[in-house]
Amino acid sequence: MENGNGASADSRKIILIVGAVTVVLAIILLVAFLPKEPEIDPYVVQLEGEVAIYTARIDSLNAIVDGLNGRLNNIRAQMDTSRAANRTLIASLHRVTNQMKAFQRLYQKQQTLNRKLVAELRQAKQEKERATMQTRRLKIQVDSLNSALYEKTIRLVRLESTLAEALQEVQAMAETVTSVLVYVGTEDELKQAGYLKTGRSVILRKNYRSVSFPDVMESAVLRVPLGEPLALQGELAALADRHGKLGKGEEYEVTKGPPGQTLVTFIDSTLQGQRILAVLKNKK
């Protein structure tokens, strides 16, 4: 019986030892096969850095593109303004060209009349020579020819005077095309003459606009070349044409002159041939 109990105890010890070893092995296997923490790939890290750099560059390029779009919009607006100014200038040139053609036709007509008169005078001289040779016999005819010659001479003088006036008008029109036409007066004087209209804008700024203009051939209309100063007797309130006030610094400049004078210089080439009112402040 004792041997049997001893064998049973040994068997239990062996089973316990085997079980303990099995548990330890299981634990070792479990630890061995547990998933390890994932390792970070350096190539992935490098790619992420390059992506961040490219993203920053794209954002910078987008900002540059936005700035260029803004500049393009400004350039388009300036081009629209230039086109409007060019259309106005072309219309003015067409009018001046038509006037010049009319004066050329008049000049050609005067030249034709002059040639005709020269021929008539030559013929009259020949007739006079023949009449001199026949003075005694043809005294009555000579007197008649002398009277005709006198009348033709008067006609020639009149036509020459007309031609001189036409040439002066052509010269005045040439100056009109290349100069700025200026009429000067105080605000009240220009209003009373019907040349000026004033008003207030939405922001209460005073507006000036030319609604009429004197005959450009009048002596009171000044022809001012670009770049040459115009001395005004008084204090300048504004320069205005039929579109409104001229832009100071863009279309004209104002400098100090002697006491009581204002010096104005036109600097915009599109003002050539334009009619401008120089509005002086009313005298107190």
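**Close-up views of a predicted model**

View 1. When neighbours within four places in sequence are left aside, the contacts of S179 are R223, V224, P225, L271, Q272, G273 and Q274.

View 2. The structure holds 2 aromatic pairs. In one of them, Y183 and Y195 are arranged edge-to-face, with 5.5 Å from centre to centre and 85 degrees between the planes; this pair links distant parts of the chain, since Y183 belongs to strand β1 whereas Y195 lies in the loop between α4 (187-192) and β2 (196-200), 12 residues apart. Y183 is buried, with a relative accessible area of 19%, a value that falls under the 20% limit for buried residues, and Y195 is likewise buried, with a relative accessible area of 16%. The rings of Y183 and F213 have centres 6.4 Å apart and planes at 70 degrees, so this pair is also edge-to-face. Here too distant parts of the chain are linked, with Y183 in strand β1 and F213 in the loop between β3 (206-210) and β4, 30 residues apart. F213 is buried, as is Y183, and the three residues Y183, Y195 and F213 make up one aromatic cluster.

**View 3. Strand β9 and its two antiparallel partners.** Of the 6 residues of strand β9 (residues 261-266), 5 are buried, so the strand is largely enclosed by the rest of the structure. Strand β5 (residues 230-233) runs antiparallel to β9 and is joined to it by 4 bridges, with A231 standing opposite L263 in β9. Strand β8 (residues 252-256) is also antiparallel to β9, to which 5 bridges join it, and in this pairing E253 stands opposite T265. The hairpin of β8 and β9 has 4 residues between the strands, and in it G260 takes a positive phi near 85 degrees.

**View 4. The open sheet of 5 strands.** The strands of this open sheet follow the order β4-β1-β10-β6-β7, and their pairing is mixed. Because β4 (222-224) and β7 (244-245) stand at the edges, each with a single partner strand, one side of each is left without a neighbour in the sheet. Within the sheet, strand β6 (residues 236-241) and strand β10 (residues 275-280) pair in the antiparallel sense over 4 bridges, and A238 is found opposite V279 in β10.

Technical notes. Residues numbered from 1 in each chain as written. Predicted model: local features only at pLDDT ≥ 70, side-chain atom pairs only at ≥ 80, totals over all residues. Heavy atoms only, no water. Buried < 20%, exposed > 50% of the residue type's maximum accessible area, 1.4 Å probe, protein only. Pairing = 2+ DSSP bridges. Contact = heavy atoms within 4.5 Å. Phe/Tyr/Trp six-rings, centres within 6.5 Å; stacked < 30°, edge-to-face > 60°.
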